[in-house]
Amino acid sequence: MNFVAVKLSNETVAPFLKQLEDVLDEKYETYVDNHRKKSLSNYYINVINSTEYSHLLENKGMDKFINSLDEFFDKTLDVTLLSLGKAQKQNNQEYFIIVKSDDLKQIRLYYGLPEKDFTVTLGFYPSEVHGVRKNIVVPIKDPFLKLLRQNYYNADNTFDFLKELEFFDYDLEN
């Protein structure tokens, strides 16, 4: 299966994986492991999928198509990783990084391919999601609120733990 993609380093993806872990909590490993198994732990932006790739090889010829890619990939591509996103179709859910890139749009335009949402898959369950828009932003959980919630539950569902904070005035009357 051949396709054209831009590979990203694990360091580049790490902050988004941390956000995903905060969103999914105990489900995180299941989603991420599914992606790791499928992609051999690689993270990439799919520019031309395998079906499109085969079609272009057939119509342009292998040498002409492969050589034409050099024009685009011999330079630095402008790519912006925007935010954590989510897509769902039936019982399948996928989390990804939403990507913006005019350079990648130009590649698809050059080959006469339709517009698409550029993403970097981070995890899915039970299967990847295809055939839907991938542009829905996942609200990021505020770490302070998460800590507040944790302490609330650890303190028998009371806010008494606030009394232990330094410089906190617990006087509700003034």
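Tutor: With Glu 52, which has 14% relative accessibility and therefore counts as buried. This is a predicted model.

Student: Why is Glu 52 called buried?

Tutor: Buried means under 20% relative accessible area. Glu 52 has 14%, so the label applies.

Student: Where is Glu 52 found, and which residues does Glu 52 touch?

Tutor: Glu 52 is found in helix 3, residues 50-60. Leaving out residues up to four places away in sequence, Glu 52 touches Val 47, Arg 108, Leu 113 and Pro 114.

Student: What makes these residues count as touching Glu 52?

Tutor: A contact requires heavy atoms within 4.5 Å, and Val 47, Arg 108, Leu 113 and Pro 114 are in contact with Glu 52.

Student: How much space lies in the largest pocket, and which elements give two or more residues to its lining?

Tutor: The space is about 760 Å³. Helix 2 (28-39), strand 2 (43-48), helix 3 and strand 5 each give two or more residues to the lining. Strand 2 gives the most, with 4 residues.

Student: Which residues lie nearest the centre of the largest pocket?

Tutor: Of the 29 lining residues, Asn 46, Asn 49, Lys 116, His 130 and Lys 134 lie nearest the centre. The lining divides into 9 nonpolar, 11 polar and 9 charged residues.

Student: In which element is confidence lowest, and in which is confidence highest?

Tutor: Helix 6 (residues 143-154) is lowest, at a mean pLDDT of 72, and strand 5 (residues 118-125) is highest, at 98. The chain averages 89. Where pLDDT is low, the predicted coordinates should not be read in detail.

Terms used. Residues are numbered from 1 along each chain as its sequence is written. This is a predicted model: local features need pLDDT of at least 70, side-chain atom pairs count only at pLDDT 80 or more; totals for chains, interfaces and linings use all residues. Side-chain values use heavy atoms; hydrogens and water are left out. pLDDT is the predictor's confidence in each residue, from 0 to 100. Buried means under 20% relative accessible area, exposed over 50%, partly exposed in between (1.4 Å probe, protein chains only). On a 1 Å grid over the protein atoms alone, a cavity is a set of points where a 1.4 Å probe fits but cannot get out, and a pocket is an open set with protein on both sides within 12 Å along at least five of seven lines; lining residues have an atom within 4 Å of a point. Grid points are joined across faces, edges and corners, and a volume is the space filled by probe spheres set on the points. Ala, Val, Leu, Ile, Met, Phe, Trp, Tyr, Cys and Pro count as nonpolar, Asp, Glu, Lys and Arg as charged, and the others, Gly among them, as polar.
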